[in-house]
Amino acid sequence: MHPCLQIEDTRAAIFAQLEDHVYHTWIPRPTRIVRRSQETLRTLAVLARTCRAFKDPALDVLWREIPDLSVLIEFLFPAELLRYKSEFDGMTSRLSFLSNPNVGQWDKLYSFIQRIRAVGIVTSLGRRVGKVILDAQTVLQPLVTFLESRATTDGVLIPRLERVVYHPSWNDGLYFRLLLHPRLKELELPTIVLSVNRPYPPLRDPSSRRPDEVILVFSQVKSALGSLAPRIVPYVKDMRTLQTLWLRGDSLDTDTLLHLGALPTLRTLAFEGGYSSVEYPPRAKTEHRAFPALKNLLITLSHDDAHSFLEHIDPEHLEAITIYWEFLLPNTANTGNLLRSYLADASRMHSLKHVTAILDIALKRNFNNPRPVHRHSMVGLAQSAQYLTPVLAMPHLRTLEISIDVVFQVDDAFLLTLARSLPHLESFCLVPPFKFDFTFDWTNPAKAPNARDGSTVAELAAPFPTLDGLLPLLEYCPNLTSLKTAVEGTFSASSCRTTSVSPRLRTLELWATALDTDVSDDAFADFFAETVPSIHEFRVVLPSKPSRHEPEREPSAHPPQARNRWQSVLDGVSAKLSMPESISCTMELIAFPVVVR
């Protein structure tokens, strides 16, 4: 062994740095752990068996985050001491002791208790949190009694515990005593739509349950959480070092709100909707600043008092707002108006760097539902600039991602204004997260387009930015690395050549119309190759009707012709780019209807 590894502190520091988390990618902010990496856990288990010098530091990391207290009991106590009894719901089992453990077994348990820093983190794809519940009389009470005999003066039973992802099945008061202590830094209280383990039918089988069964499951979970929240709240009021909190609105009362709002440590708050009688006074009328250290905020659409809450909090240090879009509105105008109201609230927080609206992933089943009557259509929204105007008052913005069920259609003038207003922009998205067939909105408030009335393209207000209309984003936003938007497959200028080059743009996703027949495929390919020479991911998404014209009048609007032309352009761009062998460039065309060969 190298002499450096013989130093105990060195070994502990090396093992502590092992990154073993898989993070939530659907909700980028706040950062959230989904589960621990299986590869890292296997490596740690091997290292713990390699030699005595590696055993303790490897076990410290291996056991610092566990899914449930039941894994301790199952792993450290002999099987003949344990009994499992299936609960009435058929989904959980109750674990009890057949006899009292001896002193040596309790002492062994405590050596592992001292390693635990987080409870509720999934460690295996097959092990569900809350699957095994500890019996209160035979397991939880003896465990609490033993740990109280070892506790320090502050009464904390698990001395290094910092993070808890609380599960609804832990509804016995002894679980509260074990897990909810005043020194916690991160706490995720049970939620519904924000829960990592959703109480919904599996997305891979959207027809597995009828809608009324889904509503029943939802109601049962909501009822269980409603009865759990009032019992947890008193423990939250004693926490003085919280840095991250996930909760439902119905978990709050006035005293808890005042306590949380006064914490100088709370930096991240995820707030799911839920009925609450709590009132949020405007910050102009409050004596003390509310949530003065808050940097990351997530709110859901079902939060009825979201606007009042945004007016209540102190915006001085707020850097990121995520709007979780968990239901679908009947028309796009309503969606645009609701979005604008949230953006207007956010525009008064001048330190914002990240604004994200993300569609609930569970809604994916609404777009590919096999029954047309229950299927939700994905459509464009013309003249979208009027709904996005508030973002122009956020000069420090780095991320603007509006990824819901609407394809936002702005124009060249708005993109120019936006690019000049947001020079620090790094990621820009105005398209949905799901790739399903969609339709563009060709509505012109002044004159509705009609291919039979002799109207020409020049007579109609352009409902899209053109390809060269994207250039101001590349010119005025030098740090832009990701661009996803709807475009019209043409140029506004007579020449498609440009001197604007974006060496940093890595991702380009265009929800596009059919290409202009007056411009050759090579000219389009030259434009992209010259403009984004360092592109790593180039994706084009075409609807089943990619043009405003009827196919009889515009043959290139036929899906096969539109698809073939865009594919020719992508092939041309790929051939013209000289990428290093170490970098793989993805060129992808998604065209509807999907052709099965």
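Predicted model: local features only at pLDDT ≥ 70, side-chain atom pairs only at ≥ 80, totals over all residues.

Me: Okay, how many helices and strands does the chain come to?

Reply: The secondary structure comes to 17 helices and 23 strands. The chain has 597 residues, of which 51% count as buried, and among the contacts with a separation of 6 or more, 76% are between residues 24 or more positions apart.

Me: How many disulfides does the structure hold?

Reply: The structure holds zero disulfides.

Me: Let's move to helix packing. At what angle do α5 and α6 cross?

Reply: Helix α5 covers residues 103–113 and helix α6 covers residues 136–150, and their axes cross at roughly 70 degrees, coming within 11 Å. The two helices, α5 and α6, are therefore roughly perpendicular to each other.

Me: Which residues make that contact between α5 and α6?

Reply: On the α5 side the contact is made by W106, D107, L109, Y110 and I113, and on the α6 side by P142, L143, F146, L147 and R150. Sorted by class, the contact of α5 with α6 has eight nonpolar residues and two charged ones, with no polar residues.

Me: Changing topic to aromatics, how many pairs are there?

Reply: The structure holds 29 aromatic pairs. One of them joins W63 and F75, whose ring centres are 5.1 Å apart with the planes at 50 degrees, so this pair is tilted.

Me: Where do W63 and F75 sit in the chain?

Reply: W63 is in the loop between α3 (52–62) and β3 (65–66), while F75 belongs to helix α4 (residues 70–76), and the pair links distant parts of the chain, with the two residues 12 apart.

Me: Buried or exposed, those two, W63 and F75?

Reply: W63 counts as buried at 10% relative accessibility, whereas F75 is exposed, with a relative accessible area of 53%.

Me: What about the pair that W63 forms with F112?

Reply: W63 and F112 form an edge-to-face pair, 5.2 Å from centre to centre and with 75 degrees between the planes. This pair also links distant parts of the chain, since W63 is in the loop between α3 and β3 and F112 is in helix α5, 49 residues apart. Both W63 and F112 are buried.

Me: Which residues are linked by ring pairs into a cluster?

Reply: Ring pairs link F491, F524, F527, F528, F538 and W566 into a cluster.

Me: On to the backbone. Which peptide bond is cis?

Reply: The bond from R29 to P30 is cis, with omega near -5 degrees, and P30 lies in the loop between β1 (21–23) and β2 (33–36). As background, most peptide bonds are trans, and most residues other than glycine have a negative phi.

Me: So which residues other than glycine have a positive phi near 55 degrees?

Reply: F291 has a positive phi near 55 degrees, and Q383 has a positive phi near 55 degrees as well. F291 lies in the loop between β11 (268–272) and β12 (296–300), and Q383 is found in the loop between β15 (378–381) and α13 (385–388).

Me: How accessible are F291 and Q383?

Reply: F291 is buried, with a relative accessible area of 3%, whereas Q383 is partly exposed, with a relative accessible area of 30%.

Me: Next, R36. Where is R36 found, and what does R36 touch?

Reply: R36 is found in strand β2 and counts as buried, because its relative accessibility is 0%. Not counting residues up to four places away in sequence, R36 touches D20, H21, L41, L44, V61, L62, R64, E65, I121, V122 and T123. The C-alpha atoms of R36 and E65 are separated by 8.4 Å, with the two residues 29 apart along the chain.

Me: Last one, S427: which strand, and buried or exposed?

Reply: S427 is found in strand β18 (residues 427–429) and is buried, with a relative accessible area of 11%. Leaving aside neighbours within four places in sequence, S427 is in contact with R398, T399, L400, E401, L480 and S482.

Key. Residues numbered from 1 in each chain as written. Heavy atoms only, no water. Disulfide = S-S within 2.5 Å. Axes fitted to C-alpha atoms, helices over the stretch in contact; angles between N-to-C directions. Helix = DSSP H or I, 4+ residues; strand = E, 2+ residues; numbered from the N terminus. Parallel < 35°, antiparallel > 145°, perpendicular 65-115°, else oblique. Contact = heavy atoms within 4.5 Å. Nonpolar A, V, L, I, M, F, W, Y, C, P; charged D, E, K, R; others polar. Phe/Tyr/Trp six-rings, centres within 6.5 Å; stacked < 30°, edge-to-face > 60°. Buried < 20%, exposed > 50% of the residue type's maximum accessible area, 1.4 Å probe, protein only.
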